[in-house]
Amino acid sequence: MPAEIRPARASDIDALVAIENAVFSGDRMSRASFRRLIGSSSAAIVVASGEGGIDGYCAVFCRAHAKVARLYSIAVRPGVKGLGRTLLDAAERTAAARKAKYLRLEVRADNARAIALYEMNGYARFGVVEDYYQDGATALRYQKRLEGMKPPVARQAPVEAGRHIVQ
């Protein structure tokens, strides 16, 4: 069944926190952070909503007039597969709509699945940050040029069974 891609609402916070707690063992966004970011002028939380509620989200930070946006997080509820690329696309379109020319992100060096997703979708590694995460794990820094992207549109996207997380 297709998922609806849309901006997060305050009524989504419980589901967002549940996904965050199910997917990440550390470096979690708090309920207060989600509340603050929803509707923020410098951030966007985009959700993938299916028959069972919220299946995943992405968080993009982009200050006014900034040329670089940051993909802070992508998380998909355990048991849902194939949504990472859809949420990455939503993050890119969100950043492009806010006039960012680049989207940057950090990913755990031990997260091979996420690294493969980013590299298959045109992201280039440009840095390494040791001891980046709460548990001391290393982060790899990636970037993609967004110029020429179309603005986001509400659309339906397929949802499959399984799990994918990007931190």
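So, β4 (68-76) and β6 (102-108) pair in the parallel sense, over 4 bridges. When I say pair, I mean DSSP finds at least two bridges between the strands. Which residue of β6 is the bridge partner of Val68? That's Tyr102.

Quick word on what you're looking at: this is a predicted model, where local features need pLDDT of at least 70 and side-chain atom pairs count only at pLDDT 80 or more, while totals for chains, interfaces and linings use all residues. Residues are numbered from 1 along each chain as its sequence is written, and side-chain values use heavy atoms, with hydrogens and water left out.

Back to β4. How does β4 run relative to β3, parallel or antiparallel? Antiparallel, with 6 bridges joining the two. Gly56 stands opposite Val76 in β4. The β3-β4 hairpin has 6 residues between its strands, and there His65 takes a positive phi near 65°.

Now zoom out. The chain has 4 helices and 11 strands. Of its 167 residues, 49% are buried, where buried is under 20% relative accessible area, exposed is over 50%, and partly exposed is in between, with a 1.4 Å probe and protein chains only. Take contacts, meaning heavy atoms within 4.5 Å: of those between residues at least 6 apart in sequence, 66% join residues at least 24 apart.

Next, the inside. The largest nonpolar core has 30 residues, and Cys58, Leu71, Leu103, Val107 and Tyr118 have the most contacts inside it. A core here is a set of buried Ala, Val, Leu, Ile, Met, Phe, Trp, Tyr and Cys residues joined through side-chain atoms within 4.5 Å. Elements giving two or more residues to this core include β3, β4, β6 and α4. Which element gives the most? It's α3, with 5 residues. There's also a second, separate core of 18 residues, with Val23, Met29, Phe34 and Leu37 among them.

On to α4. Ala114, Ile115, Leu117 and Tyr118 are buried there. As a reminder, an α-helix has 3.6 residues a turn, so residues three or four places apart point the same way. On the other side of α4, Ala112 and Met120 are exposed. Following α4 comes Gly122, with a positive phi near 90°.

Asp110 is exposed, at 55% relative accessible area. Its side chain makes a 3.0 Å polar contact with the side chain of Arg108. A polar contact, by the way, is a pair of N or O atoms within 3.5 Å; within protein, one must be able to donate a hydrogen and the other to accept it, and residues adjacent in sequence count only if both atoms are side-chain atoms.

Last stop, Thr138, in the loop between β7 and β8. What does the side chain of Thr138 make a polar contact with? The side chain of Glu130, at 2.9 Å. Beyond its neighbours within four places in sequence, Thr138 is in contact with several residues, including Val107, Arg108 and Ala109.
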